[in-house]
Amino acid sequence: MTRALSAARMIRTTNGTIAFANLAAQIDGLELHAASGRLTCRSWAELVDLLILRAHVLGRIGDYERTLALAELRLREAPAEGLSFLSLARAHGSLHLFKEALSDLDVAERLGIENAEVQAERAAVLQAVGRYDEALVLRREAVERRADFESIAGLAALHAERGETAEAESLFDESYVRFRGVSPFPLAQLEFQRGHMWWGAGHPLQARDWFDAAWRRLPAYAQAEGHLAEAEAELGDREGAIVRLRRLAGESDDPDYAAQLARILDEHGNAAEADRWRARAEKRYNELVSRHPAAFADHAAEFWSSAGRDPQRGVRLAKLNLEVRDTPRARTLLSRAIAACPAP
Amino acid sequence: MSDHGAGPRSIANPEIDITDVFAFPSPEHPSHLVLVMNTYPFKEIEATRLFFSDAIDYRIRVHPVRVASTGPSAAFAVGEEERAFSFIFDVPQKSGDSLLQSGTCHGPAGKISVHVGDEAGAHSEGLHVFAGCRLDPFFIDQGFSGGIRLQRRIPEVRGVNSLEGQNVLSIAVEVEHSTLFGADAGPLVAVLAETATNGSLRARLDRVGRPEIKNFIMMDKASDAVNRDLDVRDLYSEEDGFKLRPDYLGAYRARLNANLAFYDNLDGKTDWPLDAKGTHPLTELLLADFLVVDMSKPFNEDGYLEIERAMLRGEPHRTCGGRWLNHDMVDSLLTFLINNGNGPRISDGVDGTAVPASRKFPYLSRPTPMPPKLEPFVGIPT
């Protein structure tokens, strides 16, 4: 185990069962207030943030859609409130509607939302669309303004996204030092990002360790467990990966797990079961791409370029993804999709 | 909920957020000291769904204290000895359809186990403890208190309890006073509560003594010419309330001097003249941020701040001080700050909760029952 991983494990956070029960209680309480018309603007924004958090951790597409619907509702009710636009920006961003998110942030700023809050969100969107230099300016400004867990973790994630692993690792370590709390959510997300960085850098062993750390901290963290399964399979533990993915694919409305499972089962020689999961993933991706093309173009492109066995469609979606966000990852995906097509 | 969301860290981590601390002689057993700590604000939700964090040490700390000086430089002298009640909770276990949580109170006389939500609590020698979800006893019209800061004047009275029906996670301790520091110890004790991490890395996360010090008095930055852009509350919460470090004392003093003067001027007259250095007469007394209870006096519903007020007048105090669950501390504090009793009582128009606390252990009222199930909200399935 690396020293960084040992240090991360020393930070004790609230057990995942408690954290999730309390998160659900928070959401329900806020929704009750919202339904009775007694929710303040700030609490509306909090409700949207908590729903996005739950959607991210559980990988529930339905929660993302619900979040956007709530943010749009709030905007209709309070169109002059900057917080309405900030919430809408977050909801748009979570469904990869990045142009809309940037536009929302401009309005939020004009309506008086604190600069630091808007800039943190803007940095996240700019990072997501590959405008790294602009994001870097904002992330550095945030650290200069206040070097706390959030700002340093944000800068670390940007370096991670750029594949600058040494800078990112140092900042990830620093952000742990600045952590003051017991919520497992921010640390699990950080560990997930760290795993993602190593996965992208072609180091499945380190990636597995960090995905595992995120999943152990928060066992309901479906995305972390899904990537953990992928890393385990890559490292040779296909059986273990299949067990994880069968459960995730059965429980989640995100087709990514069914797609991964189909691919690994194919490689494992279990064609019949692979076909079943392939069909399930295909049906769900069709639904999601028609509703949210920007949000699912990348994963759908991955699917059709591999287990989905429709590489031409994979290329079309990978091109769409590249239009949405011109990142190294998006460019690699398009190259892989093109390579998956049979030679003419 | 006088201290809820008192700083960015508490807002982001409601599980660490101490909302209130109360301390009073038991109405039933006058020789017993009662200590109450509430956490986790804004939970209008089924009581059995809320749990204490297993990663937090919920602590109530008690020190002996005496009046060191009276008059304009009134001050307490806090004794070094400490007795603490430290609550650590387990991960809930499944029991049928529900999850049950247990915890352990580590007190001066040893350990005692407690089942979360068990109204009877747990007994040991001279000690009675409770942990569970209860109705928040705090009441306030946040439109009034927030209106003061936003409008820079005393707003119109609406009299709406912004917190009616809210639940909190409560810890109550009732302890025989003589078992704390011995039968010969003085009658005054100082009380505060903390949440801290309980892993191998220990850090204080939140800390509360008197109510509304952080939200009424420390939050507003508009009058503070020294630190216009600094929310000092997180720094303040990390401090040992019995021994503030010198590092940030200047920042706390500047914030209190500025904001206490702001409150004093709300009625257009000065009841708390600043000294030549601009120091407000209450700054040092309030930075000694703990509740003080006189266990030689009987239970009194309205003892809150009476000891401090008497000290400032140079007179002996008459009540037990401390803070009782049903006391209208918002009116008491605002009146104290704005006119020092030299004018009408300043009231937010809310004088209690619909279900006041009882005079029997665990004192706090039962939580709001499960609210009716929400209809699909705005047509979107949950």
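What follows is a look at some helix pairs, a nonpolar core and a few single residues in a predicted model. Residue numbers start from 1 along each chain as its sequence is written, while chains are lettered from A and ligands numbered from 1 in the order in which they are written. As the model is predicted, local features need pLDDT of at least 70 and side-chain atom pairs count only at pLDDT 80 or more, whereas totals for chains, interfaces and linings use all residues.

Helix packing in chain A comes up first. Helices and strands here are DSSP runs numbered from the N terminus (H or I and at least four residues for helices, E and at least two for strands). Axes are lines fitted to C-alpha atoms, for helices over the stretch in contact, with angles running from 0 to 180 degrees between N-to-C directions. In chain A, the axes of helix α9 (residues 149-161) and helix α11 (residues 184-200) cross at roughly 15 degrees and come within 10 Å. The two helices, α9(A) and α11(A), are therefore roughly parallel to each other; that label goes to angles under 35 degrees, with over 145 counted as roughly antiparallel, 65 to 115 as roughly perpendicular and the rest as oblique. On the α9(A) side the contact uses F149(A), A153(A), A157(A) and A160(A), and α11(A) brings P186(A), L190(A), Q193(A), R194(A) and M197(A). Contact means C-beta atoms, placed from the backbone, within 7 Å. Sorted by class, this contact of α9(A) with α11(A) has seven nonpolar, one polar and one charged residues. The classes are nonpolar for Ala, Val, Leu, Ile, Met, Phe, Trp, Tyr, Cys and Pro, charged for Asp, Glu, Lys and Arg, and polar for the others, Gly among them.

Another pair in chain A is helix α7 (residues 115-128) with helix α8 (residues 132-145), whose axes come within 8 Å and cross at roughly 145 degrees. Its contact has eight nonpolar, two polar and five charged residues. Helix α14 (residues 238-251) and helix α15 (residues 256-268) of chain A pack at about 150 degrees with axes 9 Å apart. Here the class count is 10 nonpolar, two polar and two charged residues.

Next, burial. A residue is buried with 20 or more other C-beta atoms within 10 Å of its own, exposed with 12 or fewer, and partly exposed in between, C-beta atoms being placed from the backbone. V324(A), in helix α18 (residues 311-324) of chain A, counts as buried because it has 20 C-beta neighbours inside 10 Å. Leaving out residues up to four places away in sequence, V324(A) touches H96(A), F98(A), A294(A) and A297(A). The C-alpha atoms of V324(A) and A294(A) are 6.5 Å apart, though 30 residues separate them along the chain. D106(A), in helix α6 (residues 98-110) of chain A, has 13 C-beta neighbours inside 10 Å and so counts as partly exposed.

The largest nonpolar core has 211 residues, of which V21(B) and V191(B) touch the most other members. Such a core is a set of buried Ala, Val, Leu, Ile, Met, Phe, Trp, Tyr and Cys residues joined through C-beta atoms within 7 Å. Helix α3 (residues 41-58) of chain A gives the most to this core, with nine residues. Over in chain B, helix α9 (residues 329-339) has nine of its 11 residues buried, so it is largely enclosed by the rest of the structure. Its cover includes α2 (142-151), α4 (213-218) and α6 (249-264) of chain B. Just after α9(B), N340(B) takes a positive phi of about 55 degrees.

Technical notes. Two residues are in contact if their C-beta atoms, placed from the backbone, lie within 7 Å.
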